Amino acid sequence: MKWESAPLWPVALPSITGFLLSLIPYLFEFEYFSKRNLLAPVLILITLGLFLTLLPNKYGNKFELYLGYVVGLSASYIFRIFFGFYGIVVVVLVWMGQSTYMWQYNFPPFRIGIWISLGSMSGLYIGGIMAYNLF
């Protein structure tokens, strides 16, 4: 998929969603949400990723798009587990780098799904850091 101009929704919507999900453990007390565990918000992001199947046909194969999304979320989460804070920095920097050029080229749906998932995880990580320091 190649866009004529830089799209806003694949950059803003996933990162805002991840950011809001990271605030839930600090604002409400749920049994499955822990302030130190991001597994529940990641599982919610995987579930919300099913909305990618509602995109128009111009984005390509919906299964590939969702598969790339799940693979990106999983890789970002595992990367954070192994490398800690440095893993978070790498995920955010890769997402920011991809957001500057991704729209200019014709990438397959799998790669677009990874891009969207990196935005979700970046929002989740940044929101978690902000929530930890504010609450």
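Hi everyone! What you see is a predicted model, where local features need pLDDT of at least 70, side-chain atom pairs count only at pLDDT 80 or more, and totals for linings use all residues. Residues are numbered from 1 along each chain, and side-chain values use heavy atoms, without hydrogens or water.

Let's start with the largest pocket, at about 410 Å³, a volume being the space filled by probe spheres set on grid points joined across faces, edges and corners. It has 17 lining residues, and Lys35, Arg36, Leu38, Arg80 and Gly128 are the closest to its centre. Which helix gives the most to this lining? That's α5, with five residues; α1 (9-27) and α4 (85-101) each supply at least two. By class, the lining of the largest pocket has nine nonpolar, five polar and three charged residues. Here Asp, Glu, Lys and Arg count as charged, Ala, Val, Leu, Ile, Met, Phe, Trp, Tyr, Cys and Pro as nonpolar, and the others as polar.

Now the second largest pocket, about 250 Å³. Of its 13 lining residues, Leu13, Thr17, Leu48, Phe51 and Leu52 lie nearest the centre. Helix α1 gives the most here, with four residues. And the classes? This lining has 10 nonpolar, three polar and no charged residues.

Thanks, all!

Technical notes. On a 1 Å grid over the protein atoms alone, a cavity is a set of points where a 1.4 Å probe fits but cannot get out, and a pocket is an open set with protein on both sides within 12 Å along at least five of seven lines; lining residues have an atom within 4 Å of a point.
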